[in-house]
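Me: I would like to go through a structure and ask what stands behind each term. Please set the values against the definitions.

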Amino acid sequence: MADLFIKQAKQYADARPNYPLQLFHFISSKTPAKDLAWDVGTGSGQAAQSLAGIYENVVGTDTSLKQLEFAPKLANVRYQQTPAVIPMEELEEYVSAQSSVDLVTIAQALHWFDLPAFYQQVKWVLKKPNGVVAAWCYTVPEVNDAVDSVFKPFYEIDSDPYWDPARKLVNDKYATIDFPFEPLEGTDHTGPFKFVTEREMSLNEYFTYLKSWSAYQTAKEKGVDLLRDDVVEKFKNAWNEDGHDKKVVKFPVYLKIGKVGNM
Ligand SMILES: C[S@@+](CC[C@H](N)C(=O)[O-])C[C@H]1O[C@@H](n2cnc3c(N)ncnc32)[C@H](O)[C@@H]1O
């Protein structure tokens with residue numbers, strides 16, 4: 001699956017949303033120390049660069065070297081390519097020592113992971129008992145009624161056969177994803193908590209975002225162009241209806257968050 005993100009790494013870096021500051025303020029307010037954050041499935045560093053402004057050091061790991069090539073180079077961020085499942089005995093070398101990490105983040109990537117193996121690693125690297133794990137996904141973009149009504153069948157019908165089954169966890173807004181961590185102080189559950197992120201996009205950027213989907217890549221490999229001429233035309237007409245090329249595109253974000261406890 002990770003291969004799906006290699007071929008469209010540039011589209012990914014160009015068109016995926018960054019995440020809102022409130023999200024990082026909320027998450028970082030839950031970690032007593034700010035020494036080290038591990039951003040897993042960091043891609044082109046969308047979360048890692050925000051974490052770099054809050055945590056002294058950040059490790060951003062990804063299976064795809066191509067994605068990492070597009071990540072912003074920052075003095076306190078170390079990017080590291082890893083295997084899909086890091087062997088436990090190599091975790092310290094790839095990431096950090098046992099009980100040394102304040103925060104593990106996974107932005108729009110947890111649904112791709114081998115969860116039991118990954119959670120074992122999260123529990124090993126996090127500081128006990130207050131180390132925090134935060135995983136979020138965003139669902140479909142919202143533009144306006146005209147564009148969203150073209151998008152709906154494009155997403156629910158045209159692209160549907162080309163999504164990996166793991167995508168269902170995103171459609172469920174992470175409400176059904178396995179997340180074996182303790183609720184934070186002041187709450188009795190681990191989410192999902194809702195946030196919203198926005199990105200201003202032109203029509204071309206919106207198309208680039210659609211082309212960054214793993215489903216777009218999978219369809220292409222099967223000889224199907226999801227953005228065929230008649231679909232492009234419908235999007236164009238809907239987009240141009242209000243006469244503005246630049247539009248604010250909103251993505252609802254769903255956060256699962258918990259602490260590791262004493263295990
Ligand atoms: C949808 S992208 C998310 C990228 C970025 N975190 C973001 O918020 O936009 C998913 C990323 O997870 C990476 N990935 C998939 N499986 C992985 C695994 N088992 N371990 C680490 N990274 C993985 C992919 O290469 C890809 O860069």
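Me: How do you know which residue is meant by a number, and what limits apply to a predicted model?
Reply: Residues are numbered from 1 along each chain as its sequence is written. The model is predicted, so local features need pLDDT of at least 70 and side-chain atom pairs count only at pLDDT 80 or more, while totals for chains, interfaces and linings use all residues.

Me: How do you know whether the radius of gyration agrees with a compact globule?
Reply: The radius is taken over C-alpha atoms, and the globule rule is 2.2 Å times the number of residues to the power 0.38. For 263 residues the rule gives a value near 18 Å; the protein has 19 Å, so the two agree. The C-alpha atoms fill a box of roughly 55 × 35 × 35 Å along the principal axes.

Me: Why is lysine 173 called buried?
Reply: A residue is buried if 20 or more other C-beta atoms, placed from the backbone, lie within 10 Å of its own, exposed if 12 or fewer, and partly exposed in between. Lysine 173 has 20 other C-beta atoms within 10 Å, so it counts as buried. Lysine 173 lies in the loop between H8 and E6, and has a positive phi of about 60 degrees although it is not a glycine.

Me: What makes tyrosine 174 buried?
Reply: Tyrosine 174 has 23 other C-beta atoms within 10 Å, and therefore is buried. Tyrosine 174 is also in the loop between H8 and E6, and its phi is positive, near 65 degrees. Of the 263 residues of the protein, 40% count as buried.

Me: Why is threonine 139 called partly exposed?
Reply: Threonine 139 has 15 C-beta neighbours inside 10 Å, so it counts as partly exposed. Its place is the loop between E5 and helix H7 (145–158).

Me: What does threonine 139 touch?
Reply: Two residues are in contact if their C-beta atoms lie within 7 Å. Leaving out residues up to four places away in sequence, threonine 139 touches Val170, Asn171, Lys173 and Pro252.

Me: How do you know that E5 and E7 pair?
Reply: Two strands pair if DSSP finds at least two bridges between them. Strand E5 (residues 132–138) has 7 bridges to strand E7 (residues 247–259), and the strands run antiparallel. Valine 133 stands opposite glycine 258 in E7.

Me: What makes E6 a partner of E7?
Reply: Strand E6 (residues 193–201) pairs with E7 over 9 bridges, in the antiparallel sense. Here valine 196 stands opposite proline 252 in E7.

Technical notes. Helix = DSSP H or I, 4+ residues; strand = E, 2+ residues; numbered from the N terminus.
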